[in-house]
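Thanks for asking me to look at this one with you. Please open the sequence and the model side by side, and we can walk through my notes point by point.

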Amino acid sequence: MSFLSKILSALRGESTAVNGLHKPLGPNAEAIIQRDHRVTSSAYTRGYPLVVERARGAHVWDVDGNEFLDFMAGIAVASTGHAHPQVVKAIQEQADKFLHICLSDFYYDVGVQLAEKLNAIAPFKENARVFFTNSGTETIEAAIKLARHATGRKRFIAFHGGFHGRTMGSLALTASKTTQQAAFFPVMPGAHHAPYPNPFRPVLNTRPGEDQGEAVVRYIEEVLFKKQVPADQVAAIFVEPIQGEGGYIVPPRSFLPALRALCDRHGILLVADEIQSGVGRTGRWWAVEHFGVEPDIVCSAKGLASGMPLGALIARESVMSWQPGSHGSTFGGNPVCCAAAVATLDVIENGLMQNAAQVGGYLMQHALELAARHDCIVDVRGKGLMLGLEIADTTGEPVPELRNRIVDEAFHEGLLLLGAGESVLRLMPPLMIDEATVDTAVTRMEAAFNRAEAAFG
Ligand SMILES: Cc1ncc(COP(=O)(O)O)c(C=O)c1O
């Protein structure tokens, strides 16, 4: 292997280490990966060499016949499970009618049906208007434009650890890893950041009777607004009600209500980025609902259409009043994706959201038991089927290498996991899993922990 290929391979998250964990699991995977590495972008970060042949429900099979349990759902996308029959049927039926006509310019029923449904489940009382996109980042871009349009203001506030996407506007709000912005500065000007309230690793001092949530909001008011960012220039605050890529962090109960009050005091729009946490994953339609707060704008994508590329910007009618032509998209709201989303929301409403709450509780209980047996798990948190296990050493310091090793070992045990934040394992299976599936996953996870801990002494 040449020096350059070694660097490229390291950048892709592959290891040239001798433990063999990153070797493809069979000859068919090996052949595809070799071809892939000659022609696909070096920006892709493949943690482990999974080459998928097919997937059903929470099961994935690779091209060499190996079976895996999927506890990452294609990064929180396969909400109803892989190839849910009702979703597949809706896609097939719509594909047979027409594939595209452009919702920005014409009308079709399935687009209206989906907007009606999103209006019905929007986490605010006011009537909602919906703009459709193709992805999470496009939804955030649309929210940035809408917030500027609605307020006439130019600046934004987001949070450290937050992930909102990788296009120049959303990237300016993203503050998850420095690599994401490093080579691309300058991004959109006017984005400012505050700490995200992390009860497990607080960064701000609190006053008596105050928690991290309140301290963060006070920091915005007393530091950002007084020293750097005039509050009357801020169009919107973007927040993940439960932080995803940043480490599956559940903020204190006080945080979102205090943030809502701050926005109200200064005429700022509150944007809930529910791209990872929304669509039933936490046991409610939207994670923000756990905190009794009504945002002005909700951004959705990922699990919305069970894997078909679709995003939705859902805003209060009084906010989304931009004139025709202010924004548009050729593919946004593609009819096949809308049909998949209508079916997805139906399946989630009729059982999976409740299942996420119930089986999520069962998974949480098992994760806590796992933590009791493994000292390296220092925190277990989350809601529904959005759970995070923080990995640290005996002094509480994060150990990303151990977390990565657990993910690799889990792959070899037949369990697909992903990390988040500096040293967190995230569990985000499809919402249709049952308790027996959790039992199998926990057995495989336990084996992965044992092997990883043994390797680390
Ligand atoms: C909270 C959040 N917002 C935005 C995005 C960006 O979504 P996409 O990758 O579809 O652009 C993600 C993706 O992980 C996300 O988790």
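1. Two residues are in contact if their C-beta atoms, placed from the backbone, lie within 7 Å. Axes are lines fitted to C-alpha atoms, for helices over the stretch in contact, and angles run from 0 to 180 degrees between N-to-C directions. Helices (H or I, at least four residues) and strands (E, at least two) are DSSP runs, numbered from the N terminus. With that in hand, look at helix α9 (residues 212-227), which lies across β5 and β6 and runs at about 130° to β6.

2. A word on the model itself. This is a predicted model, in which local features need pLDDT of at least 70 and side-chain atom pairs count only at pLDDT 80 or more, while totals for chains, interfaces and linings use all residues. Residues are numbered from 1 along each chain as its sequence is written.

3. Now the overall picture. The protein has 13 helices and 15 strands, and its C-alpha trace spans about 60 × 55 × 45 Å along the principal axes. The radius of gyration, taken over C-alpha atoms, can be compared with a globule rule of 2.2 Å times the number of residues to the power 0.38. For 457 residues a compact globule would come near 23 Å, and the protein's 22 Å agrees with that. Of the contacts with a separation of 6 or more, 73% join residues 24 or more positions apart.

4. How much of the protein is buried? A residue counts as buried if 20 or more other C-beta atoms lie within 10 Å of its own, as exposed if 12 or fewer do, and as partly exposed in between, with C-beta atoms placed from the backbone. Buried residues make up 50% of the 457.

5. Two strands pair if DSSP finds at least two bridges between them. Seven strands form an open sheet in the order β4-β10-β9-β8-β7-β5-β6, with mixed pairing. Its edge strands, β4 (128-133) and β6 (191-194), each pair on one side only. From one strand to the next, the twist averages 20°. Strand β5 (residues 155-159) pairs with β6 in the parallel sense over four bridges, and Ile157 has His192 in β6 as its bridge partner.

6. There is another sheet to find. Four strands make an open sheet in the order β11-β12-β15-β14, with antiparallel pairing. Here the edge strands are β11 (377-383) and β14 (418-420), each pairing on one side only. Neighbouring strands are turned by 30° against each other on average, direction ignored. Helix α11 (residues 335-373) packs on this sheet and touches β11, β12 and β15; its direction makes about 175° with that of β11.

7. Take a closer look at β15. Strand β12 (residues 386-391) and strand β15 (residues 424-427) pair in the antiparallel sense over four bridges: Glu390 stands opposite Val424, and Gly388 has Arg426 as its bridge partner. β14 and β15 also pair in the antiparallel sense, over three bridges, with Leu425 as the partner of Gly419. Three residues separate β14 and β15 in their hairpin, where Gly421 takes a positive phi near 60°. Are the faces of β15 covered or open? Both are covered, with Val424 and Arg426 buried on one side and Leu425 and Leu427 buried on the other.

8. Which residues come nearest to the ligand? A residue is near a molecule if its C-beta atom, placed from the backbone, lies within 6 Å of it. Of the 14 residues around the ligand, Ser135, Gly136, Thr137, Ile275 and Gln276 come nearest. Helix α6 (residues 136-151) gives the largest share of the shell, three residues. Ala, Val, Leu, Ile, Met, Phe, Trp, Tyr, Cys and Pro count as nonpolar, Asp, Glu, Lys and Arg as charged, and the others, Gly among them, as polar. By that scheme, the shell holds four nonpolar, seven polar and three charged residues.

9. Finally, some backbone details to check. A cis peptide bond joins Phe185 and Pro186, with omega about 0°, and Pro186 is in the loop between α8 (178-182) and β6. Ala73, in helix α3 (residues 73-76), has a positive phi near 50° though it is a residue other than glycine. Ala73 is buried because 28 other C-beta atoms lie within 10 Å. Ala83 has a positive phi near 55° and sits in the loop between α3 and α4 (85-97). Ala83 counts as partly exposed because it has 15 C-beta neighbours inside 10 Å.
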